[in-house]
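Dear colleague,

I am passing on the structure we spoke of, with the sequence alongside. Please have it open while you read, as the notes below refer to it throughout.

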Amino acid sequence: RLNYHAKRELSRGHIEEAQELYERAIAIDPRDGRAYLGLSRVAQRRRDFVTAKEYLKAGIANSIKPSDSLTNGSSAGIESGGNPYLLQAMGCLEERLGHLAEAEAMFISAVRSRPCHAAAWVSLAQLRTRKLRQGANSGRMCYQTAERELRLSGLPQSSHVYTAWASMEYKKAGEHRRARELFRKALECDPRCSAAWLQLGVMESDLQNWDKAQECFEEVLTYDKRNSRVLQAYAIMESKRPDGYSREVIDLFERALKANPRDGGVLQAYALYVAKLGDIGAARNL
């Protein structure tokens with residue numbers, strides 16, 4: 001419960017209160033990885049990345065059992081080594097700081113610790129294909145391995161894996177048919193996966209399949225009416241549609257801003273559209 005309350009305080013911007021609660025959680029259970037992760041996030045809020053790394057290192061060290069050093073390997077789903085969530089978090093932090101080799105090493109450690117850790121496989125695939133500029137086959141290897149390890153572990157497949165995989169196939173390899181198949185797999189795992197619907201809708205919009213794109217955006221809005229990213233993508237799609245109406249585009253942008261008035265992406269796209277309509281003054285006000 002301490003971790004829950006600390007996370008809530010952090011989400012409200014109460015950094016000092018969150019830190020105190022996380023420290024109490026560690027005092028009760030020094031092996032609780034969630035508290036170390038929370039303290040690292042507190043430090044990152046303060047832009048103190050050195051301390052953030054130290055918290056993660058401490059959490060990883062405390063998560064390794066003495067018997068782990070005697071274990072040569074592990075079957076799927078069984079941890080061998082440090083806490084995979086903390087290892088992945090360390091990888092994400094290293095990537096954020098531009099330490100790409102160190103980030104890759106951390107992601108590899110995470111999937112070695114728990115081979116079915118889907119999020120770590122996704123992070124590794126995206127690092128290799130986006131930052132290290134490796135080809136699509138490098139990403140496919142990660143996604144296919146994640147799929148296999150989840151199956152071997154008897155765990156359900158991951159919509160996160162399929163969504164990221166689909167995005168790579170479309171953006172990196174230009175394989176929109178394969179991407180569409182993978183987006184559908186993601187939605188079979190989780191019919192309410194907003195990320196999959198959103199990215200599928202954007203892809204269909206890029207391919208000028210306007211009605212299919214609209215169906216994707218409308219599907220999300222049936223259960224998540226305030227999703228500003230979907231509303232923004234929907235508005236942009238309607239602005240490109242040959243038979244689209246400017247009034248409908250403006251209404252979608254206004255709904256997005258009402259949902260999240262500080263969404264810079266929405267404000268920028270809205271301003272560009274208004275300027276395109278010729279109202280430069282209104283665009284500047286945005």
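This is a predicted model: local features need pLDDT of at least 70, side-chain atom pairs count only at pLDDT 80 or more; totals for chains, interfaces and linings use all residues.

The largest nonpolar core holds 81 residues, and the members that touch the most others are Y22, L56, Y143, F183, F217 and F253. To take one of these, F217 is in contact, once its neighbours within four places in sequence are left aside, with L198, G201, V202, V230, A233, Y234 and M237.

Two helix pairs deserve a description. Helix α2, residues 15-28, packs against helix α3, residues 33-45, with axes 9 Å apart and an angle of about 155 degrees; because angles over 145 degrees count as roughly antiparallel, α2 is roughly antiparallel to α3. Their crossing is left-handed. On the α2 side the residues that meet α3 are I15, A18, Q19, Y22, E23, A25 and I26, while α3 brings R34, A35, Y36, G38, L39, V42 and R45. By class, this contact comprises nine nonpolar, two polar and three charged residues. Y22, listed here in the contact with α3, is also one of the core members named above.

The second pair is α7, residues 118-131, and α9, residues 159-171, whose axes come within 9 Å and cross at roughly 15 degrees, which means that α7 runs roughly parallel to α9. This crossing, too, is left-handed. From α7 the contact takes in A118, A119, V122, Q126, T129 and R130, and from α9 it takes in H160, V161, A164, S167 and M168; these divide into six nonpolar, four polar and one charged residues.

Turning to backbone geometry, most residues other than glycine have a negative phi. Against that background, R133, which is not a glycine, has a positive phi of about 55 degrees; R133 sits in the loop between α7 and α8 and is exposed, at 74% relative accessibility. Q208, likewise not a glycine, has a positive phi of about 65 degrees; Q208 lies in the loop between α11 and α12 and counts as exposed, at 55% relative accessibility.

Finally, S113 belongs to helix α6, residues 100-113, and is buried, with a relative accessible area of 1%. Between S113 and R140 there are 21 Å in space, C-alpha to C-alpha, and the two are 27 residues apart in sequence.

With best wishes

Terms used
Residues are numbered from 1 along each chain as its sequence is written. Side-chain values use heavy atoms; hydrogens and water are left out. A nonpolar core is a set of buried Ala, Val, Leu, Ile, Met, Phe, Trp, Tyr and Cys residues joined through side-chain atoms within 4.5 Å. Buried means under 20% relative accessible area, exposed over 50%, partly exposed in between (1.4 Å probe, protein chains only). Contact means heavy atoms within 4.5 Å. Axes are lines fitted to C-alpha atoms, for helices over the stretch in contact, and angles run from 0 to 180 degrees between N-to-C directions. Helices (H or I, at least four residues) and strands (E, at least two) are DSSP runs, numbered from the N terminus. Angles under 35 degrees count as roughly parallel, over 145 as roughly antiparallel, 65 to 115 as roughly perpendicular and the rest as oblique. A crossing is left-handed if the near helix is turned anticlockwise from the far one by less than a right angle, and right-handed if clockwise. Ala, Val, Leu, Ile, Met, Phe, Trp, Tyr, Cys and Pro count as nonpolar, Asp, Glu, Lys and Arg as charged, and the others, Gly among them, as polar.
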